[in-house]
Amino acid sequence: MSKLKVAILGSGNIGTDLMKKIMRSPHLELTTVIGIDPDSDGLRKAREAGFKTVHTGLDGFLENPEEADVVFDATSAYAHIKHAEQLEAHGIRAIDLTPAAVGPLTVPTVNLHENPDAKNVNMITCGGQATIPIIHAVSQLYEVEYAEIVATIASKSAGPATRANIDEFIATTSRAIEVVGGAKKGRTVMILNPAEPPIMMNDTIHLIVDQTLVDEDALYEKLLQTEQAVQQYVPGYRLKSRPFVEENRISVFVEVSGAADYLPAYAGNLDIITAAAVKIAEEWSKAKATV
Amino acid sequence: MKRDVIITEVALRDGSHAMRHQFTEEQVRAAVTGLDEANVPYIEVTHGDGLGGSTIQYGHSLTDEFKLIEAAVETAKNAKIAVLSLPGIATKPNIKRAADLGVSMLRVATHVTEADVSLQHLNLGKELGLETVGFLMMSHMAEPSKIVEQAKIMVNGGADVIYLVDSAGALLPYQVTERIKALKQEIDVPVGFHAHNNLSLAVANSLAAIEAGAERIDGSIRCLGAGAGNTQTEVIASVLDKMGIQTGIDIYKIMDVAEDVIAPILPQPQEITRGSLVLGYAGVYSSFLLHANKASEKFGVDARDILMEIGKRKAVGGQEDMILEVAAELQQQ
C-alpha cells in the first residue's frame with residue numbers, strides 16, 4: 001500500500017505529539033519535521049527518531065517540496081496565513097492545527113467526508129474538537145439556540161503559540177460551534193489552570209434548546225454514542241456524568257485524558273486535535289490508495 | 001489636584017456579581033453622577049467577569065454592558081471610565097468597541113501565573129491610546145518572586161500600572177506587605193491593590209499595601225463587590241483622609257452616595273456571611289459565592305463544603321462550572 005508522505009511544520013507541543021501519533025499510523029509516512037530552532041526539544045526528538053529535520057521554517061523545506069503530499073501546520077494562526085499560500089502554490093495539501101481557519105472547519109465525527117478534495121482543512125481548536133461532537137449530537141435531537149463551551153486546560157499544556165492566539169482560539173471555536181456544531185449562536189471561554197499536579201483537560205458545554213421537555217434518557221443515550229465515536233480516535237475522551245438538565249438548558253461535562261505521547265496524560269488537549277488531524281490524513285491516504 | 005493615592009471605584013463591575021448582573025442604565029447613571037460629584041477619579045463599568053462576561057457560565061447581563069458603559073461615559077464629567085478584560089473571555093473586538101464608546105482605561109486580568117496571555121489585549125489597549133493596567137488575580141496563590149516575574153511580563157507588554165489582586169480575599173496583611181514591597185523593588189510602574197473583604201481585612205490590607213508603596217487602591221462603595229465586597233470606598237477615603245493621605249474624594253459626598261444611591265439597590269446588605277467568610281478562608285475566587293449558594297439549594301449540600309472542596313482543587317477565576325460538578329459529587333457521597 002502506498003503511504004501518503006507527510007511533514008510536520010512546527011516543533012512545539014502539538015507538532016511533537018503529532019509526530020508520535022503519525023509514527024504509529026499504517027497509512028502515513030512521516031518524512032520531515034520542520035521548525036525554526038535547531039535546539040528545540042521537538043526537533044531533537046525528531047532527529048533521534050530518525051526523521052529529517054529542517055530548522056529554517058517552511059521556506060527551507062520548500063527547497064525540496066516533493067518530500068510531502070501533506071503538511072500538518074502546528075505553528076500559529078498568524079504564521080499559517082502565509083504558510084497556506086506557500087503550500088497551495090506548491091500543490092501540497094495542508095492540515096491546519098492553528099486557529100487560522102483558512103480552510104473548511106473539520107471535526108471527524110461530524111464532517112469528515114464533506115470536503116474530500118480541500119487543499120486546506122482546519123482543525124479548529126482543541127476546545128472545538130472536544131465539544132463540537134456533543135453540540136452536533138444535541139442538534140440532532142433539538143434545535144440548539146445557543147451553545148457555550150468552557151475549555152479548561154492545564155497551564156503546562158499551553159505553549160507560547162496557544163497563549164498568543166487566545167482571541168483566535170475563541171473566534172474560531174465560536175464560529176465552528178455554529179457552522180459545524182449546528183448551534184444558532186456559539187460562545188467560547190478558555191481557562192488556563194496552573195494547579196499541580198496538572199489538571200486533565202476539562203470541557204463544559206452549556207446548551208439552550210428550543211424546548212423544555214428534554215427526554216433525558218434519549219439525550220444521554222445520544223451522548224454515549226458520541227462519546228464512543230470520539231473514543232475511536234481519542235480513547236481518553238469521556239463524559240464525566242449524565243447531563244444536567246434544567247428546563248431548556250443542558251450542561252454536559254467532558255474530560256479528555258491524553259495518550260501521553262509527548263506531554264503526560266493531563267494534556268488531552270493535544271491528543272484531541274492531533275488525533276483528529278491524523279484521522280483526516282489517514283482518510284486522504286486511503287482515498288488515494290483506492291484511486 | 002493632588003492625589004497621594006488614586007482610588008478606582010469597582011462597584012459597577014465587581015458589584016455586578018452581587019447584583020447577579022442585573023444593573024440597569026438608570027442605576028449606572030445615578031451611581032456615576034454621585035461618584036463623579038464626590039470626585040472619584042476612575043470608575044470601572046463592565047460585566048463582573050469583564051467584557052463579554054454575559055454567559056451561562058457566569059450569568060447573563062440584564063442590560064448589554066456596552067449600554068452601561070456608554071451611559072457611564074456620557075454621565076461622567078470628570079471621572080474616567082475603565083473596563084476590565086479577561087483574556088479567554090473577552091476578545092479584541094469587545095475592547096475596540098469599549099474604546100469607541102470613550103473609555104479611558106483598560107484593565108487586563110489574568111491568573112497570577114499566566115500573565116503572558118494578557119499581551120494581545122495590552123498591546124491593543126496601547127494602540128487605542130488607553131491607559132493600561134495589568135491585573136494579577138488570585139495573588140494569594142503565588143509567592144512574591146513569581147508575582148514579580150509575571151508583573152514584568154505585563155510591564156514589558158505595555159502595562160502602565162500593575163495591580164496585585166486578592167480575588168479570594170485570602171491574603172493576610174503581612175502577605176500583602178511582602179508582595180507589594182517585592183513589586184515596588186523590582187518594577188518601575190505604579191502598583192495598585194485590589195482587595196476582597198471576605199476575612200474583614202480589606203481596609204487593613206489596603207493600608208498595608210499603601211504603606212508598602214502602593215499608589216492605587218480599588219474600592220467598592222457600600223462594599224458592593226463579589227463575596228463580601230471590596231475595600232469599602234467611603235471607609236478607605238475617610239481613613240486615608242484621617243491619616244492625611246489625599247485621595248481627592250469628598251468624604252461627605254461619597255458617604256451620601258453609599259447611603260442614598262447604592263444601599264437602596266442592594267439585593268441584600270453586603271455582610272460577611274458564612275459563605276463569603278469561607279471564600280477567604282479556603283482561597284476561592286469571590287464570584288463563586290452566589291453560584292455555590294444556588295448549587296447548595298439545588299443539591300441539598302452545604303455551600304461551605306462546596307467552596308472548601310473547590311479551594312482544595314485549586315480552581316482559578318472563571319471555573320464556575322466546577323461548582324455544579326462538585327455539588328453533584330458531594331450529594332452522592
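User: What places B:K146 and B:E149 about one turn of the helix apart?

Analyst: Both sit in helix α6 (residues 144–156) of chain B, and three residues separate them. Note that this is a predicted model.

User: How do you know that B:K146 forms a salt bridge with B:E149?

Analyst: The rule asks for a Lys or Arg side-chain nitrogen within 4 Å of an Asp or Glu carboxyl oxygen. For B:K146 and B:E149 the closest N and O atoms are 3.1 Å apart. That is within 4 Å, so the pair counts as a salt bridge.

User: Why does B:K146 count as partly exposed?

Analyst: Buried means under 20% relative accessible area, and exposed means over 50%. B:K146 has 31% relative accessibility, so it falls in between.

User: What makes B:D4 and B:K2 a salt bridge?

Analyst: Their closest N and O atoms are 2.7 Å apart. The limit is 4 Å, so the pair qualifies.

User: Why are B:D4 and B:K2 put in classes of their own?

Analyst: B:D4 has 32% relative accessibility and counts as partly exposed. B:K2 has 55%. That is over 50%, so B:K2 counts as exposed.

User: Which salt-bridge partners form one network?

Analyst: A:D17, A:K21, A:R24, A:D261 and A:D271 are joined by salt bridges that share partners. A:K21 pairs with A:D17 at 2.9 Å, N to O. A:K21 also pairs with A:D261, at 2.7 Å. Each distance is within 4 Å, so each pair counts. Over all chains, the rule gives 38 salt bridges.

User: Why are A:D17 and A:K21 separated by about one helical turn?

Analyst: They are four residues apart in helix α1 of chain A, so about one helical turn separates them.

User: Are A:D17 and A:K21 buried or exposed?

Analyst: A:D17 and A:K21 are both buried. Each therefore has a relative accessible area under 20%.

User: What are the two domains of chain A?

Analyst: The domain assignment gives domain 1 as 4–123 + 271–290 and domain 2 as 126–263. Their C-alpha centres lie 24 Å apart.

User: How do you know that domain 1 of chain A and domain 2 of chain A are in contact?

Analyst: Contact needs heavy atoms within 4.5 Å. Here 30 residues of domain 1 of chain A are in contact with 32 residues of domain 2 of chain A. The two domains bury about 2500 Å² between them, 65% of it on carbon and sulfur atoms. A:N13, A:L105 and A:I272 supply 28% of what domain 1 of chain A buries there, more than any other three residues.

User: How many polar links cross the interface of domain 1 of chain A and domain 2 of chain A?

Analyst: Eleven residue pairs are in polar contact, both residues at pLDDT 80 or more. On the domain 1 side, α10(A) gives the largest share, six residues. By class, that side has 13 nonpolar, nine polar and eight charged residues. The salt bridges between these domains number two.

User: How is the area buried between chain B and chain A made up?

Analyst: It is about 2600 Å², with carbon and sulfur atoms giving 52%. Chain B brings 33 residues to the contact and chain A brings 32.

User: What makes B:D116 and A:R163 a salt bridge?

Analyst: Their closest N and O atoms lie 2.7 Å apart. That is within 4 Å, so the pair meets the rule. Between chain B and chain A the count is five salt bridges. Polar contacts there come to 20 residue pairs, both at pLDDT 80 or more. On the chain B side, α5 (119–127), α12 (288–299) and α14 (321–332) each give two or more residues. The largest share, four residues, is from α14(B).

User: Why is A:N120 called buried?

Analyst: A:N120 has 10% relative accessibility. The cut-off is under 20%, so A:N120 is buried. A:N120 lies in strand β6 (residues 120–122) of chain A.

User: What joins the side chains of A:N120 and A:H80?

Analyst: A polar contact of 3.2 Å does. The limit is 3.5 Å, so the distance passes. Beyond four places in sequence, A:N120 touches residues including A:H80, A:A84 and A:D96.

Conventions: Residues numbered from 1 in each chain as written. Chains lettered and ligands numbered in written order. Predicted model: local features only at pLDDT ≥ 70, side-chain atom pairs only at ≥ 80, totals over all residues. Heavy atoms only, no water. Domains from an automatic or database assignment. Buried area = accessible area lost by both parts, 1.4 Å probe. Polar contact = N/O pair within 3.5 Å; in protein donor to acceptor, adjacent residues only side chain to side chain. Nonpolar A, V, L, I, M, F, W, Y, C, P; charged D, E, K, R; others polar. Buried < 20%, exposed > 50% of the residue type's maximum accessible area, 1.4 Å probe, protein only.
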